Structures are given as C-alpha cells and as structure tokens.
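Here are my notes on the model. Please read them with the structure open.

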Amino acid sequence: MADILTQSTGRRKESVARVRLRAGNGKATINGLEIDSYFGRETLVMLARQPLTVTDTVARYDVDATVFGGGKAGQAGAVMLGIARA
C-alpha cells in the first residue's frame, strides 16, 4: 500500500467523506468503485474533481474516498471539499 500523502474530511448537507490523497497518476475511487461508475453522471464527477482540475494536479494524485449519507450530489460536494482541504 502506498503511503498516504494527506487525508481530510469533507461534509456537505448530510454527506460525510473521508478523502485520502496519494502520489499517483490520477486514479479516483469512491467506496471501492471507480469515480465514474460510482457517481454515474459526468457533472458529479467534474464537481468532485474540481479542486484538482483548478490546481492542474489531476494526473499527480490518486484519490481514495469513503463517503456515506445523503444523496449523490451531496456526496460529490463532500468529496470535493475533502479534496480541497487535503
């Protein structure tokens, strides 16, 4: 297992996400699934990855998140905030 670079918690509405960033090549998993298959909508994937897109670091970090509570939109917002804090 790769060393954890940093980890943080994001909250949005009723959703809570624990986000871990590692040096890597841009792979993102949410609750063990690829981010595209977990959220299912491109807008939610873009929302969740927004902090990495803005800082141009999408390809430098792997994201591993555990999220629960709320709906998919709230979960995407919680992941986004967790990535931004990390």
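1. Helices (H or I, at least four residues) and strands (E, at least two) are DSSP runs, numbered from the N terminus. The expected span of a helix is 1.5 Å times one less than its number of residues. Helix α2, residues 42-54, has 13 residues and covers 17 Å from its first C-alpha to its last, close to the expected 18 Å.

2. Ground rules. This is a predicted model, in which local features need pLDDT of at least 70, side-chain atom pairs count only at pLDDT 80 or more, and totals for chains, interfaces and linings use all residues. Residues are numbered from 1 along each chain as its sequence is written, and side-chain values use heavy atoms, with hydrogens and water left out.

3. Helix α2 has a kink of about 50 degrees at Ala48, shortly before the proline Pro51. The bend is the angle between axes fitted to the seven residues ending at a residue and the seven starting there. Just after α2, Asp56 takes a positive phi of about 55 degrees.

4. Which residues of α2 are buried? They are Leu44, Val45, Ala48, Pro51 and Leu52. Buried means under 20% relative accessible area, exposed over 50%, partly exposed in between (1.4 Å probe, protein chains only). An α-helix has 3.6 residues a turn, so residues three or four places apart point the same way. The buried residues of α2 pack against α1 (35-39), β5 and α3 (72-85); contact means heavy atoms within 4.5 Å.

5. Strand β5 has two faces. Tyr61, Val63, Ala65 and Val67 form the covered one. Asp62, Asp64, Thr66 and Phe68 form the uncovered one. In a regular strand the side chains alternate between the two faces of the sheet.

6. Pairing of β5. Two strands pair if DSSP finds at least two bridges between them. β2 and β5 run antiparallel, with 8 bridges; Arg18 has Thr66 as its bridge partner in β5. Strand β3 (residues 28-30) runs parallel to β5, with 3 bridges. There, Thr29 is partnered by Asp64.

7. How many salt bridges does the whole structure hold? The search finds 2. A salt bridge is a side-chain nitrogen of Lys or Arg within 4 Å of a carboxyl oxygen of Asp or Glu. Asp64 meets Arg20 at 3.0 Å, N to O. That pair links β5 (residues 61-68) to β2 (residues 15-23), 44 residues apart. Arg20 is buried, at 9% relative accessible area.

8. Arg22 also bridges to Asp64, with the closest N and O atoms 3.9 Å apart. Arg22 lies in β2 and Asp64 in β5, so this pair ties together parts 42 residues apart in sequence. Arg22 is buried too, at 12% relative accessibility. Through shared partners, Arg20, Arg22 and Asp64 form one network.
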